[in-house]
Amino acid sequence: MEQGPTPTRISPRDFIKGLSILLRGTVQEKLNWAFNLYDINKDGYITKEEMLDIMKAIYDMMGKCTYPVLKEDAPRQHVETFFQKMDKNKDGVVTIDEFIESCQKDENIMRSMQLFENVI
């Protein structure tokens with residue numbers, strides 16, 4: 001039986017800091033936070049492997065609750081779509097600059113960045 005990535009533990013302080021950024025941060029701060037979520041090893045690049053680990057975790061958590069049930073290769077397809085859009089120079093990694101530039105040009109992403117602004 002294949003096991004997924006080891007779950008990451010988050011401290012209460014980091015959780016509150018992340019929540020604060022999502023609720024009250026600038027667009028730039030939110031995008032930096034999102035990039036760092038995907039950059040697992042914190043080397044300044046998002047690789048397909050890192051993105052796939054995160055997508056698998058998200059799909060494992062949410063996929064069982066969707067209708068219709070998501071296909072098994074949905075995380076990999078999401079990663080491929082992400083890289084086609086974000087990896088501007090096609091070098092196999094996404095930098096913070098590529099990520100921010102692509103997000104700022106995407107109306108759906110920018111709209112989602114504003115979702116939490118009026119919560120509190």
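# Notebook: helices, core and loops

**Entry 1. Gln28.** I began with Gln28, which counts as partly exposed at 39% relative accessibility. The model I am reading is predicted. I looked up where Gln28 sits and found it in helix α2. Which residues does Gln28 contact, leaving aside neighbours within four places in sequence? I found Ile100 and Gln104. I then checked the spacing of Gln28 and Gln104. They are 76 residues apart in sequence, yet 9.4 Å apart in space, C-alpha to C-alpha.

**Entry 2. The whole chain.** I stepped back to the overall layout. The protein chain has six helices and two strands. I read the order from the N terminus as α-α-β-α-α-β-α-α. I noted 120 residues, with buried residues making up 30% of them. The accessible surface comes to about 9,000 Å². Carbon and sulfur atoms hold 56% of that surface. I also looked at contacts between residues at least 6 apart in sequence, and 48% of these join residues at least 24 apart.

**Entry 3. The record.** I looked up the UniProt annotation. The entry is unreviewed, and it places "domain: EF-hand" at residues 26-61 and 74-109. I then went back to the model for both spans. Residues 26-61 are 72% helix and 8% strand. For residues 74-109 I also read 72% helix and 8% strand. How far apart are the end C-alpha atoms of residues 26-61? I read 28 Å. For residues 74-109, the end C-alpha atoms are 19 Å apart.

**Entry 4. Helix α2.** I returned to the helix that holds Gln28. Helix α2 has 12 residues and reaches 17 Å from its first C-alpha to its last, close to the expected 16 Å. Which residues of α2 are buried? I listed Lys30, Leu31, Ala34, Phe35 and Tyr38. These residues lie on the same side of α2, because they cover an arc of only 135° around the axis. I recalled the general rule: an α-helix has 3.6 residues a turn, so residues three or four places apart point the same way. Next I asked what covers the buried residues of α2. The cover includes α1 (12-24), β1 (45-47), α3, β2 (93-95), α5 and α6.

**Entry 5. Helix α4.** I noted the buried residues of α4 as Ala74, Pro75, Val79, Phe82, Phe83 and Met86. Their cover includes β1, α3, β2, α5 and α6.

**Entry 6. The nonpolar core.** I looked for the largest nonpolar core and found 19 residues in it. Which members touch the most other members? They are Ile46, Met51, Phe82, Met86, Val94 and Phe99. I then checked which elements give two or more residues to this core. They are α2 (27-38), α3 (48-62), α4 (74-86), α5 (96-105) and α6 (107-113). The general background is that nonpolar side chains tend to be buried together in soluble globular proteins. Beyond its neighbours within four places in sequence, Met51 contacts Tyr38, Ile46, His78, Val79, Phe82 and Phe83.

**Entry 7. Ser102.** I turned to a serine in helix α5, Ser102. Buried or exposed? Buried means under 20% relative accessible area. Ser102 has 4% relative accessibility, so it counts as buried. Not counting residues up to four places away in sequence, Ser102 touches Lys85, Met86 and Lys88. I also checked Asp87, 15 residues from Ser102 along the chain, and the two C-alpha atoms are separated by 8.8 Å.

**Entry 8. The loop between α2 and β1.** I found Lys42 in this loop. Lys42 is exposed, with a relative accessible area of 51%. Its phi is near 60°, a positive value in a residue other than glycine. Asp43 is found in the loop between α2 and β1 as well. I read Asp43 as partly exposed, at 39% relative accessible area. I then looked up Asp43 and Thr95: they are 52 residues apart in sequence and 9.7 Å apart in space, C-alpha to C-alpha.

**Entry 9. The loop between α4 and β2.** I looked here for Lys90, and it lies in this loop. What is the phi of Lys90? I read a value near 55°, positive in a residue other than glycine. Lys90 is exposed, with a relative accessible area of 56%.

Technical notes:
Residues numbered from 1 in each chain as written. Predicted model: local features only at pLDDT ≥ 70, side-chain atom pairs only at ≥ 80, totals over all residues. Heavy atoms only, no water. Helix = DSSP H or I, 4+ residues; strand = E, 2+ residues; numbered from the N terminus. Buried < 20%, exposed > 50% of the residue type's maximum accessible area, 1.4 Å probe, protein only. Contact = heavy atoms within 4.5 Å. Areas by Shrake-Rupley, 256 points an atom, 1.4 Å probe, with all protein chains shown as cover. UniProt positions renumbered as here; feature names shortened; annotations may be inferred. Core = buried A, V, L, I, M, F, W, Y, C linked by side-chain atoms within 4.5 Å. Expected span 1.5 Å × (residues − 1). Arc of directions from axis to C-beta.
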